[in-house]
Structure formats: C-alpha cells, structure tokens
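Please keep the sequence beside you while you read.

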Amino acid sequence: MGIIDHISDLFTVSTTRKSKRKPMQTVDLRVKMDCDGCERRVRHAVSSMKGARSVEVNRSESHVAVTGYVEEKKVIKRIKRCGKRAEAWPYVEYNLTYHPYAPGAYDKKAPSGFVRDVDQAYPSPNELKYATFFSDDNVNACSIM
C-alpha cells in the first residue's frame with residue numbers, strides 16, 4: 001500500500017490558505033478609573049472590540065479582565081485611545097507564591113489577597129531539591145533521617 005498512498009498524495013488537492021485564529025485567552029490589565037463615567041468608557045471601548053467575549057471591570061481594584069480572541073497589545077492600545085493609562089496586571093494571588101513577603105513582592109497598593117509577581121517570590125531550583133529531599137513523598141527520606 002506504500003505506492004498507492006504515494007500516488008494518492010500526489011493527486012490530492014490541499015488548501016494553502018491557513019487561518020491564523022487567535023487563541024481564546026483572558027487579558028488582565030490595571031487601569032486607573034476614578035468614576036462611573038471612566039468605568040463606562042473603558043467597558044464600552046473594550047467590549048466593542050472584535051473578538052471580545054466578556055469584559056469584567058472592577059473599579060475598586062483598578063482591574064479589567066477581557067476574555068476572548070484578543071491580543072493584549074491591542075486591548076491596551078484601545079484603552080489608551082479612550083484616554084486611560086493601561087498596563088499588564090502586575091499581581092498574582094497571595095496563595096500562589098511561596099514567599100509572599102520577599103523583597104519587592106509585598107506592595108501596599110496591591111488589592112487584598114494579591115502580591116506583586118516577582119522572581120524572588122518563587123522558590124529556586126536548589127530550594128525545591130532540598131524540600132523534596134526531606135519530603136514524606138520521598139521513599140529514601142527515612143534512611144537519611
């Protein structure tokens with residue numbers, strides 16, 4: 001069947017047009033909003049974008065989450081066009097970091113339950129190696145102790 005497959009591959013019609021659809025993602029941004037009018041302008045500007053499925057705006061945290069087939073750069077550009085300063089969301093949840101009080105991670109301006117996303121808040125490879133060395137999941141841990 002090898003020669004038949006080869007011949008059928010020669011005569012198949014393949015399309016050269018490949019659609020590059022953006023992946024579905026959530027874009028988290030920090031946008032300073034002072035009043036209901038600012039919130040409404042940001043929500044309208046982002047929700048009218050092509051590919052935006054849902055928009056969540058939290059004015060007290062200055063947080064905007066856009067879910068859909070959108071790119072972060074285009075969302076930031078659209079928000080800047082309506083007169084607001086936008087940047088990528090710089091925070092991660094408190095419970096996702098190993099060292100939330102590492103230098104530079106704790107931020108007084110961060111919303112409650114969030115810390116800054118810095119490299120010092122995550123364990124180093126050596127730290128992980130030593131932590132698993134004395135773990136209950138390690139079979140050889142009893143012989144070491």
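1. Two strands pair if DSSP finds at least two bridges between them, and strands themselves are DSSP runs (E, at least two residues) numbered from the N terminus. This is a predicted model, in which local features need pLDDT of at least 70, side-chain atom pairs count only at pLDDT 80 or more, and totals for chains, interfaces and linings use all residues. Residues are numbered from 1 along each chain as its sequence is written, and side-chain values use heavy atoms, with hydrogens and water left out.

2. Strand β2 (residues 52-58) runs antiparallel to β3 and is joined to it by six bridges, with V55 standing opposite V66 in β3. The two strands form a hairpin with four residues between them.

3. Strand β3 (residues 63-68) also pairs with β1 (residues 25-31), again in the antiparallel sense and over six bridges; here V64 is the bridge partner of L29. Five of the six residues of β3 are buried, where buried means under 20% relative accessible area (1.4 Å probe, protein chains only).

4. S62, in the turn of the hairpin, has a positive phi of about 55°. S62 counts as buried because its relative accessibility is 12%, and its contacts (heavy atoms within 4.5 Å) include L29 and W89, not counting residues up to four places away in sequence.

5. A search of the whole structure finds zero disulfides.

Terms used:
Buried < 20%, exposed > 50% of the residue type's maximum accessible area, 1.4 Å probe, protein only. Disulfide = S-S within 2.5 Å.
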